[in-house]
Amino acid sequence: MMPSLSLTLLVLVGVGSPTVLLAVLGCASLLNRPLPERWTGRIAAGSMMTACASLSVALVVYGVTGTGQQLVSYGAWSTSHEGGIAIEFLVDRLSLAFGALSAAIAGIVSAFSNRYLHRESGYNRYFVLLAMFVTGFLLVALAGNVEVLFVGWEFVGLSSALLVAFFHGRPAPVSNALRVLSVYRISDAAMFAAAVLLRHIAGTDSLSLLFGGGRSGSAAALTGSSATLIAMLLIVAVAGKSALLPFSGWLPRAMEGPTPSSAVYYGSLSIHAGCFLLLRSAPLLEHAPVARVLVGGLGAATAIFAGITTRVQSDVKSSLAYASLTQVGIIVMEIAVGLYTVAFIHLAGHACFRLLQFLSAPNVLHDLHGLENAIGERPSRGRRYFETLAPNRVRRLLYLVALERGFLDSIIDRVLVEPFMRIAGHLSRLDRWLCDAGVVTPRPVPIEASENQDE
Amino acid sequence: MSDARLWLAGITVLPALVIAASYFRIEVERLRRLAVASAAVMLLATLVISVSPQLRALSIRTTALSWLTEGEAIIRIDALSSVLLPFAAGLWVFTVAVTPRAALDRGGLRRTALSTLMTVASFLTESAVLLVLLSLASVWTFLSALSDTAHRAQRRIVAVYLGGSALAFGIGVALLIGPGAGNAKLETAGMWLIVTAALMRKGIVPFHAWVPEVFDHGRLGPAILFNAPQVGAYMTVVLVVPRATPEMLRVIAILALGTAVYGAALALVQTSARRACGYLFMSQSALVMAGLDCTSASALAGGLLVWLSAGLAFAGLARCLLVLEARRGRLDLNTYHGGYERMPLLAISFLCMGLACTGFPGTLGFVGQELLVNGAVDAFPTMGFAVVVASALTGLAVLRMYFSLFCGRPDAPSHSSVQFGLRRRETWTFVALVIALIAFGVAPRPLVDSRFAASDKILLLRDTHIRAQHKH
């Protein structure tokens, strides 16, 4: 169905305003002429408000006109007889509601960050990355084809890793950012592979055709095995981005970033990107029962693991991150059993609630310290927890697993990273040997002076 | 003389002028200014040629020394070469504008001009014999840059691999022109020799050992200028793709896809920044080769796009490394070096060019890689996913380099007076390149369309040739 002009314009403004913000702040950074804080804060707030308002109005227009799902096209990056890459957005209740919610949350975080990061040396860098995140997230929310979805997915991943390394004067945030990025790259590769397979098997990259009309969509054209294969790749992509098992190890590492970015990424929006993708590809999951069972199992396992782990965290951000993960696991389970509306309401409510918790956490800690100082002791917790029902041995075991965060990092290191590094190391030595022994006999000592002579 | 010929004469005279001037007793700084001005004018002129339809229709054909009955164009400007000319000129501007003053002497300026002249001449011809001669000359220029005793070992390895490549190329072409004409077996042998030459020149596994070695222990500047234009890819596209058998193309594509993953994986574990850069180049250059040999319009156009984007982005990345080395000495990736706050522009440029190199969305490489992967999966359903793996690994390798070279260590307050910033010409050159990579990434349509036009022409030539062979 042809979209109305007003919807086309509203969506363009909604996605365009954070993109313009990214371009303006990015150019200022590139030219090493960052805008004054006052301007940056105002422009960012204005841009987020514009995005939120236009997407909200679009949602109202969509509801009033009741035209059904629509594909809004803004040209193409390439065209050919073998199929080009179009810039398309899928407009329906799910995408507009999620887009408007995301823009609203980003606006709140932007306003909060303006004061929180006042006079911080990376103030401008933070807002560039936040603009990149919001642009990417809106692209994910409104993507009309797999290429646009992938663009958004990559923007979210890169901005997330760079914000984890925001305090880049210390080695810990940087090494943790690299670790987070490693998992994201696995997720991105799975996403890319799923996109290519979808295009290759179904012959189209349009999400409205693939996942649009429930059983009438092209997902029905996918056979059982191909639907399962694509669904499995999507599950890997979702697990990586939403920190589901076995990729949950990166979540506490990501807490190295500034609190507002932790709030928007790991409390409210980025961590739910996987859930949104599952909601969007629900028709595909309906054709892949094996994948659906796997999604449900993954959600349940993640919820239990995160629920236990969150109780032993010694810092408030990690504790909140694992608490978020518990809810994400439950949302994933809801999607697996087909409760799509419940899952979306749960997602939206949890995103807002956790955002509030993350942003108020520093104040709560401050108040708590004041209270402790006033009364001279730690306030009594005065509550009982379900763990106390378990036998002592089980409790000790659970405590150990939770304390070590499920040993997930060391398992991934042992299974994936170390063999990869070993093989790559051997190959690298082989290449050196080919030069040293095979072709070149003497290896000269590098002479610094001559190395400077480089044109 | 037609307009196109005048323009061509103009663009070839500019590097020749710098070469001639380098033999006179002109101050090196003035010579450099002349080189920068000549390169800038050449870039503008080639841009005019690439956008003007009248200037793009030049072809001077001859049947002399050609193995094709219809002859070969010894000079021509078409959809393929019209975009490659500004690419070569851009690399020259970039080299002479960014290289630290102390590192670019009279001989260096002469070599850069000579190298550019040969690259431009290669991109202008279809003649196999001329390409052999130009290939020999460019290898000789590269070897002359490694003539000092400190680089004896690298000189030997370059001589073995690239000399071998030029030799195989020469013998292959000689077989096709001489006894091979009309003899199917000798023609096939000749084609295989040309394919081997292209693989060696491009550093495709198992002929790759010279690439990381030259980047690591050789001289980075000449290595960039020799490798970034990817003349080996041009040899493939002009001589191999239109006439090779499907088996040949399959072998090349599979080796290239394997190399893309191999290079990306090894870039991730290197401790030397230069060596990591060498492996990154290997990976990206192999992707170009894979795209060119998939014989689908999408993959071919994708390969041609990645050729431009990876060439420019890689040259920028490696130049960032040189600029950084000029300030800090040799760079080890096992430690964090910090310094973002002192040189934010260099850090941002490095990151942007690294991401462009890996085909990150919003940069020119993205559309190219998308087209390439779709075409590659159509041609090789399993191996095509190597592009996906290579892309993931190169992204990680680039971010690892960025974090190691610019982050992880606070700037020492005691050294706050030490100026690490970029000079003005460095600043503007890096900014211009980053803006170009992003601008063409956001609005790639004109470039994509021109690459599709070029790929359609190449595939049409291949169809014609195959039909003629069947008839024969």
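How many residues of chain A are in contact with how many residues of chain B? I looked this up before anything else, keeping in mind that the model is predicted. The count came out as 64 residues of chain A in contact with 89 residues of chain B.

Next entry: the area. I got about 6500 Å² buried between chain A and chain B, and 65% of that sits on carbon and sulfur atoms.

Then the polar side of things. I checked for salt bridges between chain A and chain B and found zero. For polar contacts, the rule gave me eight residue pairs across the interface, both partners at pLDDT 80 or more.

Which elements of chain A give two or more residues to the side that touches chain B? I noted helix H1 (5-30), strand E1 (70-78), helix H5 (146-164), helix H6 (171-202), H17 and helix H18 (448-451). H6(A) gives the most, with 15 residues.

H17 came up again when I went through the surface. I found a nonpolar patch there, with about 720 Å² of accessible area together. Its members are Ile186(A), Val236(A), Leu400(A), Phe407(A), Ile411(A), Val415(A), Leu416(A), Val417(A) and Met421(A). Helix H17 (residues 408-439) of chain A supplies five residues, the largest share of the patch.

Last entry: one patch member up close.

Key: Residues are numbered from 1 along each chain as its sequence is written. Chains are lettered from A and ligands numbered from 1 in the order in which they are written. This is a predicted model: local features need pLDDT of at least 70, side-chain atom pairs count only at pLDDT 80 or more; totals for chains, interfaces and linings use all residues. Side-chain values use heavy atoms; hydrogens and water are left out. Patches are made of residues with over 30% relative accessible area and no salt bridge: like charges are joined within 9 Å, nonpolar side chains (Val, Leu, Ile, Met, Phe, Trp, Tyr) within 5 Å. Accessible areas come from the Shrake-Rupley method with a 1.4 Å probe; for residues, only the protein chains shown count as cover. A salt bridge is a side-chain nitrogen of Lys or Arg within 4 Å of a carboxyl oxygen of Asp or Glu. Helices (H or I, at least four residues) and strands (E, at least two) are DSSP runs, numbered from the N terminus. Contact means heavy atoms within 4.5 Å. Buried area is the accessible area (1.4 Å probe) that two parts lose on being put together, summed over both. A polar contact is a pair of N or O atoms within 3.5 Å; within protein, one must be able to donate a hydrogen and the other to accept it, and residues adjacent in sequence count only if both atoms are side-chain atoms.
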